[in-house]
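This report walks through a structure by topic. Keep the viewer open while reading.

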Amino acid sequence: MAEFSTPTTAQEFAQNFAQLKPNMSRTEALYESSRCLFCFDAPCITACPSGIDIPQFIRQINSGNVTGSARTIYEANYFGNACGKVCPTEVLCEGSCVYNLQDVKPIEIGRLQSYATTQAITENKKLFTPGPANGKRVAVIGAGPAGISAACELRALGYEVTVFEAKAQPSGLTVYGVAPYKITNEEALAEMTYLQGQFGYEVRYHAPITGRADLAALEAEYDAIFLGIGLGKTTQLGLPGEEKINCVGAVEFIEELRQRQQQMQVGRTVIVFGGGNTAMDAASEAARLGAESVVLAYRRGKEEMGAYDFEYELAKAVGMKGLFNVAPLEIVGDDYVAGVRFIRTVIEDGRVREVPGSEFVQACDMVIKATGQAKQTHFLHHIPGLELDGRGRIVADAAGQTTNPQYFTSGDARNGGAEVVNAAAEAKVAARGIHAFLSK
Amino acid sequence: MPDLSINFAGITSPNPFWLASAPPTNSGYQVMKAFDAGWGGAVWKTLGVPVINVSSRYGGVSYRDKRLVGFNNIELISDRPLTDNLREISEVKKRFPDHAVIASLMVQSRQEWHDIVRQSQDAGADGFELNFGCPHGMCERGMGSAVGQEPNVLQMIVEWVMEVAQKPVIVKLTPNISDITEPAQAARRGGADAISLINTIQSIVGVDLDRFAPYPIVDGQGTNGGYCGPAVKPIALNMVKNCAQHPDVRLPISGIGGIENWRDAVEHILLGASSVQVCTAAMHFGFGIIRELVSGLEQYMVEKNFNTIYDFVGKALPNVRHWEDLNMKYQVKAHIHEEKCIGCQLCYTACEDGAHQAIRLQAGTRTPAIIEENCVGCNLCSLVCPVDDCITMDRHDDGTQHLTWKERTTANTIPTEFNDEKAGGRHHWVPEPAAALGKERHKTLPGKARALGIL
Ligand SMILES: Cc1cc2nc3c(=O)[nH]c(=O)nc-3n(C[C@H](O)[C@H](O)[C@H](O)COP(=O)(O)OP(=O)(O)OC[C@H]3O[C@@H](n4cnc5c(N)ncnc54)[C@H](O)[C@@H]3O)c2cc1C
Ligand SMILES: Cc1cc2nc3c(=O)[nH]c(=O)nc-3n(C[C@H](O)[C@H](O)[C@H](O)COP(=O)(O)O)c2cc1C
Ligand code: SF4
Ligand code: SF4
Ligand code: SF4
């Protein structure tokens, strides 16, 4: 493989992780926006989880009203810039553009969306102001897409908002989890600075809300509390040897990568467990960090992988090899990972069955587990009356209200893990839900 | 291979494509280069009295991502010394004896006209084009369109020219007049050999929204200019047709206006032009476009079995009639070919808001359906549909009946009440006005946000 040499400088890192959806120039935006048909009741709008009026914002770009275009986008989705870059547009708006039916390239909606919003952010265009103060206060836990979107909407409605964030930076997984070739740290954070400038909510960093005492203080001080806490760490598999050095969770691996960039270490020979989008991201990222071989190990067949086709193709294109129908039994090695003992599997009646006597060891010096994120159930149990469903997701009604009426929620913590756009759209609804509740 | 050569009122040229009098024909250098590239003729940039130009001279009209769909200029006639131009004309003629070099002229007095005609004749020009068209700068000095708009003055000047001209004289007409055939007839009365049209149309191509001034801007201000380029073709075609059909014009026509590709040229020819001139397209893309013009024209002639240009000059004219001669019994209706439809619903919204509410949406599919009783056969939906041949206009009458407005007038059966079959007869169906309310409003808010009632 070694398609990528290990990046040692910021420039090399930027090359290896070159943006999949680079920013458009004005000319490109003009050409692309010219192609949009301005469909009636456009299917792209229906396909967008945040329902952005896509033909409208594209038409605004085309007529030179880029600021108005950014307003159209932000009115529906406060993560408009990030979403243009990180959304799986192939299965959302662009996937439903009518041009597909004519076998013509669909409109590059995502890139146009980022074009308009980038301009508003760079020029710090004033699009929104906080609503007149209504004297009520809301605490938001988590400065991810859900939390920040809720904060913006609540500020627009006149609430005083304080956001409590465990980490040092806002935007949640947008800056800590999404692949660096989708959005740069600077871009993710620039949108956060822009939004905070528009809406003026307070964010307290390094401020994890950890237990009953913290929660009780919030409950006393705030009229409502919004839970935008997302998901937790990578789930433990319970395999022998899982604690060995260089056996890491994908979410943790990516978080470190996004912060350390070219200083990040990767193994020479990497095995990634999993078949979802995070597994594809981790494999791609390992390859771009200069790993010599990257093998994806999945318990089932290729067709059963949860990852989007285009994510799989992207990882394959940078050299990832697939190892299908295998289950890991043990991580082998002394202190360090030296390989994985696998057993072959077959699928019978939809179930994975191990094939006796088919064990083998595949050598490697790093294992990345992309086998799902745990729910934050331990923390959530501190909230009185808060119900979780069978899969650990917070139960809430259409307005985002949980079974403890003071608490509202949306995003990954509630939907179990979706995309940035879902968190942003649902948080807007929940903020309206809080408003309805507190206006009673 | 078909024969593209022409004999236009006595001026011969290897093909009908001439460069119009404008910047591309400003010098011998350019004209030689153009002939070398394949152009058949060139009307030299207008020669005449000394002028001074301003800086910032052109303005353009963009349509979405397409630049220069319309073009305007505030330039005057040649600003190069007459002697230089004349010397270069003779050099070009020496090098290209079979190509057409036409001297475009614009002066004021009889003496001046005599002098300049003789001088260009001596330089070897194959003919003259009298520029009675320039709509800015020269008209204030009593030339250009000031002449083109006064048929009597035009005729007088043509007569002066004919007194000395030994080569064919073409009169170039301005479109800035209500009836183009009047100056055309005046040209004929004056003895001209041919006409050419159109020159540019008085225009303001745009206004700078920040500087509050029209384009092109000269030190913060601007003036009306002359409009040309693809956008003017429809106007040019109509005027060419008017001159070609007029019984008192009967002069060869050099068609000008919006010609950019072979199709545009063929359209001019089908409406009566027997040579065509190009300016904007050459200014935009250079002389190289001649290859496409020639190859397209040749291919068309091969396919249609035309041996010479004259096989189809004016061929569409018999089918260009007055409205009162059209068959009112002819009836087409829209038909959507579902297998081609991509579901943009532009046809629906166009007919719903802009025509006759003859298209409806259907449950379970994005493909709309035609309500045939309501369709008047206006074509709108088929024009907005982005897919080729997806909406066709199919004939519904049986083709046996023919009735024109003129026939009704003659038979004295002009209607005295509103009873147009195509509009549903006496009781033309339209929705009740109040049915409009609430129909559209929800479409203008972002989709999901709207559905969720959060905006
Ligand atoms: C590896 C990976 C790649 C992804 N790639 C994409 C992609 O390409 N495109 C896409 O659209 N989506 C992607 N996603 C999904 C997307 O990132 C999430 O759906 C989205 O970020 C969810 O937003 P959220 O606000 O609900 O949660 P998060 O983004 O997880 O934000 C939660 C925030 O809350 C903070 N927090 C949590 N608990 C506490 C607490 N107790 N006290 C204080 N703060 C707390 C966290 O530190 C974090 O900042 C990806 C996810 C992963 C894991
Ligand atoms: C910059 C410019 C200068 C022109 N100068 C002249 C001129 O000197 N004499 C003339 O007869 N027509 C002049 N014209 C008009 C053109 O010859 C031609 O009639 C007109 O542009 C329409 O053709 P088109 O649509 O191919 O451009 C000029 C046009 C332009 C754009
Ligand atoms: S479906 Fe495609 S063409 Fe139609 S409005 Fe949306 S982006 Fe434009
Ligand atoms: S032809 Fe005109 S009236 Fe008929 S369906 Fe199309 S737009 Fe409507
Ligand atoms: S305009 Fe054409 S493609 Fe679009 S919905 Fe109508 S028939 Fe279909």
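Where is A:Asn246 found in chain A? A:Asn246 is in the loop between strand S4 (224-227) and strand S5 (247-249) of chain A. Helices (H or I, at least four residues) and strands (E, at least two) are DSSP runs, numbered from the N terminus.

## Basis

This is a predicted model: local features need pLDDT of at least 70, side-chain atom pairs count only at pLDDT 80 or more, and totals for chains, interfaces and linings use all residues. Residues are numbered from 1 along each chain as its sequence is written, chains are lettered from A and ligands numbered from 1 in the order in which they are written, and side-chain values use heavy atoms, with hydrogens and water left out.

Most residues other than glycine have a negative phi, and most peptide bonds are trans. A:Asn246 is not a glycine, yet its phi is positive, about 85 degrees. A:Asn246 is partly exposed, with a relative accessible area of 28%. Here buried means under 20% relative accessible area, exposed over 50%, and partly exposed in between (1.4 Å probe, protein chains only). A:Asn124 also has a positive phi, about 45 degrees, although it is not a glycine. A:Asn124 lies in the loop between helix H8 (109-122) and strand S1 (137-141) of chain A. A:Asn124 is exposed, with a relative accessible area of 52%.

Chain B has cis peptide bonds. One runs from B:Leu197 to B:Ile198, with omega near 10 degrees. B:Ile198 is in the loop between strand S11 (194-197) and strand S12 (201-203) of chain B. Another runs from B:Tyr215 to B:Pro216, with omega near -10 degrees. B:Pro216 is in the loop between strand S14 (213-214) and strand S15 (225-228) of chain B.

## Chain layout

Chain A is assigned domain 1 (23-122), domain 2 (137-232 + 375-438) and domain 3 (247-369). These bounds come from an automatic or database domain assignment. The C-alpha centres of domain 1 and domain 3 of chain A lie 35 Å apart.

Chain B has 14 helices and 21 strands. Its C-alpha trace spans about 75 × 60 × 45 Å along the principal axes. Of the 455 residues of chain B, 50% count as buried.

## Aromatic contacts

The whole structure holds 21 aromatic pairs over all chains. Rings of Phe, Tyr and Trp (its six-membered ring) pair if their centres lie within 6.5 Å; planes under 30 degrees apart count as stacked, over 60 as edge-to-face and the rest as tilted. Why is the pair of A:Tyr74 and A:Tyr194 tilted? The ring centres of A:Tyr74 and A:Tyr194 are 5.8 Å apart and their planes are at 40 degrees, so the pair is tilted. The pair links distant parts of the chain: A:Tyr74 is in helix H5 (residues 66-76) of chain A and A:Tyr194 in helix H11 (residues 185-199) of chain A, 120 residues apart. Both A:Tyr74 and A:Tyr194 are buried. B:Phe35 and B:Phe96 form an edge-to-face pair, 5.4 Å centre to centre with 70 degrees between the planes. B:Phe35 and B:Phe96 are both buried.

The criterion is NZ of Lys or CZ of Arg within 6 Å of the ring centre and within 35 degrees of the ring normal. A:Lys167 places its charged end over the ring of A:Tyr176, 4.8 Å from its centre. A:Arg288 lies over the face of A:Tyr181, 4.1 Å from the ring centre.

## Ligand surroundings

A residue is near a molecule if one of its heavy atoms lies within 4 Å of it. Ligand 1 has 33 residues around it, of which A:Val86, A:Ala146, A:Glu165, A:Leu173 and A:Asp412 come nearest. A backbone N or O atom of A:Ala146 is 2.9 Å from an oxygen atom of ligand 1. For A:Val420, a backbone N or O atom lies 3.0 Å from an oxygen atom of ligand 1.

Ligand 3 is surrounded by residues including A:Cys36, A:Cys39, A:Cys44 and A:Cys97. Of the 13 residues around ligand 4, B:Cys351, B:Cys375, B:Cys378, B:Asn379 and B:Cys381 come nearest.

Terms used
Polar contact = N/O pair within 3.5 Å; in protein donor to acceptor, adjacent residues only side chain to side chain.
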